[in-house]
Amino acid sequence: MSAGWEVPIAGNADVVLVRQRVRSVAVEVGLSLVDQTKVVTAASELARNALVYAGGGLATIELIQNGARQGLRIAFSDEGPGIPDIEQALTDGWTTGTGLGLGLGGSRRLVDEFDLVSAPGKGTTVTVTKWAR
C-alpha cells in the first residue's frame with residue numbers, strides 16, 4: 001500500500017500545509033499523539049529549511065507499509081546550494097542562519113529513519129520515516 005501527496009514549498013503558508021497534511025496522514029496510519037507531534041515537528045523544521053536555505057522545494061508524503069507495520073515517509077527535496085559538510089550540519093548548535101541549529105539534528109532524533117543526501121550545487125533531499133508502534 002502506498003498513497004502519496006506532493007506539497008510544493010514556496011512560502012510560509014506551504015509550511016503550514018505540509019504540517020497539516022503530515023498530521024492527517026499520521027492520524028490515518030495510527031501514530032500515537034506523541035509520535036504525531038514528533039513527526040509533524042520534524043516535517044515543519046525540514047519544510048522551513050527548504051524554504052529558508054533553498055528558496056523552496058517539494059515535500060512528498062507517503063503512507064507506507066512493511067508487513068503489518070504502517071508508517072509515514074516524507075521526502076523534502078530542493079535545488080538549493082546544497083550542504084557542504086553534512087556531518088557538521090547535523091551537529092546540534094551549528095547553523096548557517098540565525099536559528100538555534102537544532103533543525104537537522106533535532107529532526108533526526110524525532111523520527112525512526114533519517115536519510116540526508118546533499119552536495120554543494122546539487123540541492124538537498126532529506127527523507128524521514130515514522131512507524132506506528
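**Entry 1: terms and ground rules**

I begin with handedness: a crossing counts as left-handed if the near helix is turned anticlockwise from the far one by less than a right angle, and as right-handed if clockwise. I am working with a predicted model, where local features need pLDDT of at least 70 and side-chain atom pairs count only at pLDDT 80 or more, while totals for chains, interfaces and linings use all residues. Residues are numbered from 1 along each chain as its sequence is written, and side-chain values use heavy atoms, with hydrogens and water left out.

**Entry 2: Ile9**

Is Ile9 buried or exposed? Ile9 is buried, because its relative accessible area is 2% (buried means under 20%, exposed over 50%, partly exposed in between, with a 1.4 Å probe and protein chains only). I then checked its contacts, meaning heavy atoms within 4.5 Å. Not counting residues up to four places away in sequence, Ile9 touches several residues, including Asp14, Val18, Leu51, Ala59 and Phe76. Ala59 is 50 residues from Ile9 along the chain, yet their C-alpha atoms are separated by 7.0 Å.

**Entry 3: the core**

Next I looked for a nonpolar core, a set of buried Ala, Val, Leu, Ile, Met, Phe, Trp, Tyr and Cys residues joined through side-chain atoms within 4.5 Å. The largest one has 33 residues, and Ile9, Val18, Val22, Leu72, Ile74, Phe76 and Leu104 have the most contacts inside it. Which element supplies the largest share of this core? Helix 2 does, with eight residues. I noted a general point here: in soluble globular proteins, nonpolar side chains tend to be buried together.

I followed two more residues from that list. Val18 touches Val7, Ile9, Ala43, Ala47, Ala59, Ile61 and Phe76, leaving out residues up to four places away in sequence. Ile74 belongs to strand 3 and is buried, with a relative accessible area of 0%. Beyond four places in sequence, the contacts of Ile74 include Val22, Val39, Ala43 and Val128.

**Entry 4: helix 1 against helix 2**

I compared axes, which are lines fitted to C-alpha atoms, for helices over the stretch in contact, with angles from 0 to 180 degrees between N-to-C directions. The axes of helix 1 and helix 2 come within 9 Å and cross at roughly 155 degrees. The two helices are therefore roughly antiparallel (over 145 degrees; under 35 is roughly parallel, 65 to 115 roughly perpendicular and the rest oblique). Helix 1 passes helix 2 in a right-handed crossing. Among the residues making the contact are Val15, Val18 and Val22 of helix 1 and Val40, Ala43 and Ala47 of helix 2. I sorted the residues of this contact into 10 nonpolar, four polar and three charged (Ala, Val, Leu, Ile, Met, Phe, Trp, Tyr, Cys and Pro are nonpolar, Asp, Glu, Lys and Arg charged, and the others, Gly among them, polar).

**Entry 5: helix 2 against helix 4**

Helix 4 covers residues 103-110, and its axis comes within 9 Å of that of helix 2, crossing at roughly 155 degrees. This makes helix 2 roughly antiparallel to helix 4. What is the handedness of the crossing where helix 2 passes helix 4? I found it left-handed. Lys38, Thr41, Ala42, Glu45, Leu46 and Asn49 in helix 2 meet Gly103, Leu104, Ser107 and Leu110 in helix 4. The residues of this contact divide into four nonpolar, four polar and two charged.

Last, I checked burial in helix 4: Gly103, Leu104, Gly105, Gly106 and Ser107 are buried. Their cover includes helix 2, helix 3 (86-89), strand 4 and strand 5.

Technical notes
Helix = DSSP H or I, 4+ residues; strand = E, 2+ residues; numbered from the N terminus.
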